[in-house]
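Okay, thanks everyone for coming.

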Amino acid sequence: MKWRPRLADGTAPVLIVLVVLLVALAFAGPTFSEPAGYLALLKRAAPLVILAVGQYFVIVSGGFDLSVGSLVTAAVVIAARLSDGADANTGWVIALLLGFGLLVGLVNGLITTRLLVPSFIVTLGMLLVLDGAVFLWTDGAPRGALAPSFRMFGRGSFELPVVGPVPWSVLILLVVVVAALWFMRSGIGRTLVALGDNENAVRLAGGAVHRLRVLAFVLSGLLAALAAILLAGFAGVSAQVGQGLEFRAITAVVLGGVVLGGGRGSVVAAAAGALSLEALFTLLNLIGVSGALESAVQGVILIAAVAAAAHGKQLRRTHEQEVVRPGRGGVARADGVHQ
């Protein structure tokens, strides 16, 4: 029997939204009349999409990670200070940043699972800790510089025979998405989704609930560090480079139909939600809408997406109650015949 790809529930709507936005971009500006324009969009969106994939792991398992924005800022500041413009430092600085992301994710996961502190509070506290540490270390003005070889991953490209120049960030993004898809199709990935849907069922089935939750936070921290590497190369060094990214990542995941509280959603939907968000802001910029409205638009999208998910959940419950409801002498089917 051949395997046929099937979209997860809630993925189709965000893909339709994404296609509409991409078509609208083609009409809104001459930049998107050629493939290079869309590759540039992917290059800008890559850090957010990677963050959204990491946030997806946490949300689908029933948690939140509000620390990723501050983690991005801390990673960029650390990279500039330690790299100090020298190409010879690039390799070990990147390894250090990825390890730092793993460590932050591990701390978040252990406090959440071992001390039973809600993930919302744990990661909010980590956000404040990282923000305070960055400000204390830099006095609000980061020092140092990123080496050209470090920045290559965020703004450099390589040549393909037919396509032409392809940004390294786009290649890294594709690797991350494919790896995430493979992971979520594995037994651990499926159990991670089940954990968000019914923790007790996973525990009774012998699943390592605490380890799975810690793993979700570790993956989120690792991908946040990777996003910081790309963002630093593209946007440079700033003490505010990651400000608000945690909320943008959550908005992207929810826009992709991933249910807050866990148990439903897909990697493709989360990635498409992030790309749709970036495409929307690009479109608003092209038609002359002020960038100051981005936060307002993001808030409206977040509220509308959560409301739509809640309404859909209620409709499914109502439908299930109508299809199978207790009756005298058996269970009533949808056609009214008792069994």
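Let's start with a quick one: is V107 buried, partly exposed or exposed? V107 is partly exposed, at a relative accessible area of 30%. For the cut-offs, buried is under 20% relative accessible area, exposed is over 50%, and partly exposed is in between, with a 1.4 Å probe and protein chains only.

Before I go on, some housekeeping. This is a predicted model, so local features need pLDDT of at least 70 and side-chain atom pairs count only at pLDDT 80 or more, while totals for chains, interfaces and linings use all residues. Residues are numbered from 1 along each chain as its sequence is written, and side-chain values use heavy atoms, with hydrogens and water left out.

Now the overall picture. The chain has 13 helices and 4 strands; those are DSSP runs numbered from the N terminus, with helices being H or I of at least four residues and strands E of at least two. Of the 339 residues, 45% are buried. Take contacts (heavy atoms within 4.5 Å) with a separation of 6 or more: residues 24 or more positions apart account for 74% of them.

Back to V107, which sits in helix α4, residues 90-114.

On to the inside. In soluble globular proteins, nonpolar side chains tend to be buried together. Here the largest nonpolar core has 85 residues, where a core means buried Ala, Val, Leu, Ile, Met, Phe, Trp, Tyr and Cys residues joined through side-chain atoms within 4.5 Å. L51 is among those with the most contacts inside that core, including also I50, Y56 and F150. Leaving out neighbours within four places in sequence, L51 is in contact with V68, V72, A224, A227, L245 and A249.

Two of those names, L245 and A249, come up again as buried residues of α11. So what about that helix? After α11 comes G257, with a positive phi near 90°.

Last stop is S83, in helix α3, residues 68-83. S83 is buried, with a relative accessible area of 0%. A polar atom of the S83 side chain lies 3.3 Å from the backbone nitrogen of A147. Not counting residues up to four places away in sequence, S83 also touches N89, V93, A145 and L146, among others.

Technical notes:
A polar contact is a pair of N or O atoms within 3.5 Å; within protein, one must be able to donate a hydrogen and the other to accept it, and residues adjacent in sequence count only if both atoms are side-chain atoms.
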